[in-house]
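Reader: I would like to learn how to read this model, feature by feature. Can you take me through it?

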Amino acid sequence: ITMTLGIGLCEESGMLISMLNSSLKNVPAAMIPYVIAFVGTVGNIASDTAMVVIPPMAAIVYMGVGKHPVVGMMVGYAGAQAGFTANLMVAGTDTLLQGLTNDAIKAFIPDTTFQVDPTCNWFFMIFSTFLCAVVIGFCSVHMIEPRFGKYEGAGEAKLEEVTPQQKKGLNAAGLTAIIYIIIIAIGFFTGLLSGENGAFIGSPLLKGLIPILFVLFCLCGLAYGFTAGTFKNAVDVNKAMSKQMAGMGSYVLFCFFCGQFQGLFNWTKLGTLLAIGGADLLQSAGFTGIPLFICFIFVVTCVNIFMSSGSAKWAIFAPIFVPMFMLLGYHPGFTQLLYRLGDSPTNAVTPMSAYIWMILATAQTKYMKDIKIGTLISNLLPIAVILEVIWVIFFIIWYLIGLPIGPGVGSTLPVGIL
């Protein structure tokens, strides 16, 4: 909820749309697919807004360079959906999944102080952002564009020009962000926000990242809004934040039932029993390591096709698999990463998502009257499959090298936790 309020303020001020309009201008035609895929992937910092905003804008950009707009919509949609879990910054997905992971840890070991931070998958996701952009862009150029050919429609749509006032707003937001980051850096290097001996791991900066990011987004949104004129007074700011909170009703409802589910699991100890039994079975069969990782990712992938909500699935999976993998010696943040690898790519092809039907309706209305849902899914499916395979290979290489997946987080559980 905190991250949604901060990022939502940037969205309601118009800053995110202005940034997209500005970044997609004057991009070389050959780079368009990769840029759209990248923007779609990092655009998920605004959560579901990316699925609504980026595909129609991508269609306009594609049409402007003589490419088929429906292909652009699919590339933007694939970036926002298949690359949903990757980002350069800590996003709402990180904070949401981290909370459910910590609930599972607490249910398994009630008196522990051990928990994961929102940054537990950050390093891996930064590199994954570029991986998703390259794979989705490459697949669109070599597999999807040849099927559609050149667009012959009469569309005249174009990206909105960034007005001088909006440019001033972006400059103000950028300057605000720089000043704020400098203040945070000074606080870290002077010891106010650092850990023991200046350490980043376990520091107040890392543990307080959510409120720090909340303030950053709020300041940038306010700087843009008041400079660009979208915010006139405090009443406008209040309306913007209220609008964002109104959209959180379904999430609060989900939290209620999720809480009952996890409460029953904790009370009956069913999650613990399943975790111990499953861990014993896997150890006795020798089914651990990379084969286990791939199997778990595959299970999540299959379930994701029929149950698109990532948080709902993790609320069910976490109480069982987090303790199970802990008993096998794996870090909860590592288990969460495995889940995200299985949860993300098939988001683009599941018919359970409302957004693919929105894409279909827009494409039928504006660009291809006879296009059907099968056309979208059949073209998005190769992207999802290839991205999943390459992403898993990338993960295995990362794991074998022994690189940390986040600050202070590797694959193994720290000694003494159990």
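**Reading the contacts**

Author: Glu-12 has a relative accessibility of 24%, so Glu-12 counts as partly exposed. Keep in mind that the model is predicted.

Reader: Which residue does the side chain of Glu-12 meet in a salt bridge?

Author: Lys-243 is the partner, at 3.6 Å from N to O.

Reader: Is Lys-243 buried or exposed?

Author: Buried needs under 20% relative accessible area, and exposed needs over 50%. Lys-243 has 55% relative accessibility, so Lys-243 counts as exposed.

Reader: How many salt bridges does a search of the whole structure find?

Author: The search finds 4. One of them joins Lys-67 to Glu-145, with the closest N and O atoms 3.1 Å apart. Lys-67 is in the loop between α4 and α5 (69-81), and Glu-145 is in helix α7 (residues 122-148), so this pair ties together parts 78 residues apart in sequence.

Reader: What is the accessibility of Lys-67 and of Glu-145?

Author: Lys-67 has 18% relative accessibility and counts as buried. Glu-145 has 17% and also counts as buried.

Reader: Which residue forms a salt bridge with Lys-313?

Author: Asp-343 does, and the closest N and O atoms are 2.8 Å apart. Lys-313 lies in helix α15 and Asp-343 in helix α16, so the pair ties together parts 30 residues apart in sequence. Lys-313 is buried, with a relative accessible area of 0%. Asp-343 counts as buried at 8%.

Reader: Now the aromatic rings. What describes a pair?

Author: A pair of aromatic rings is described by the distance of the centres and the angle of the planes. Here the count comes to 24 aromatic pairs. Among them is the pair of Phe-296 and Phe-321. Their centres are 4.8 Å apart, with 45° between the planes, and the pair is tilted.

Reader: Where in the chain are Phe-296 and Phe-321?

Author: Phe-296 is in helix α14 (residues 290-306), and Phe-321 is in helix α15 (residues 310-327). They are 25 residues apart, and the pair links distant parts of the chain. Phe-296 counts as buried, at 4% relative accessibility.

Reader: Which residue forms a tilted aromatic pair with Phe-334?

Author: Tyr-399 does. The distance is 5.8 Å centre to centre, and the angle between the planes is 35°. Phe-334 lies in helix α16 (residues 332-343) and Tyr-399 in helix α18, 65 residues apart, so this pair also links distant parts of the chain. Phe-334 counts as buried at 1% relative accessibility. Tyr-399 is partly exposed, with a relative accessible area of 24%.

Reader: What is Phe-395 in contact with, leaving aside its neighbours within four places in sequence?

Author: The contacts of Phe-395 are Phe-124, Phe-293, Phe-334, Leu-337, Leu-338 and Leu-341. Phe-334 is the residue that pairs with Tyr-399.

Reader: Where is Val-392 found, and is Val-392 buried or exposed?

Author: Val-392 is found in helix α18. At 12% relative accessibility, Val-392 counts as buried. Not counting residues up to four places away in sequence, Val-392 touches Ile-294 and Ile-297. Val-392 and Ala-37 are 355 residues apart in sequence, and their C-alpha atoms are 19 Å apart in space.

Reader: And the surface. Which residues make the nonpolar surface patch of about 680 Å²?

Author: Leu-381, Val-385, Val-389, Ile-390, Ile-393, Ile-397, Ile-401 and Leu-403 make the patch. Take Ile-393 as a case. Ile-393 is found in helix α18 (residues 373-401). Ile-393 has a relative accessible area of 47% and is partly exposed. Val-392, in contrast, counts as buried.

Key:
Residues numbered from 1 in each chain as written. Predicted model: local features only at pLDDT ≥ 70, side-chain atom pairs only at ≥ 80, totals over all residues. Heavy atoms only, no water. Patch = residues over 30% accessible without salt bridge, like charges linked within 9 Å, V, L, I, M, F, W, Y side chains within 5 Å. Areas by Shrake-Rupley, 256 points an atom, 1.4 Å probe, with all protein chains shown as cover. Helix = DSSP H or I, 4+ residues; strand = E, 2+ residues; numbered from the N terminus. Buried < 20%, exposed > 50% of the residue type's maximum accessible area, 1.4 Å probe, protein only. Phe/Tyr/Trp six-rings, centres within 6.5 Å; stacked < 30°, edge-to-face > 60°. Contact = heavy atoms within 4.5 Å.
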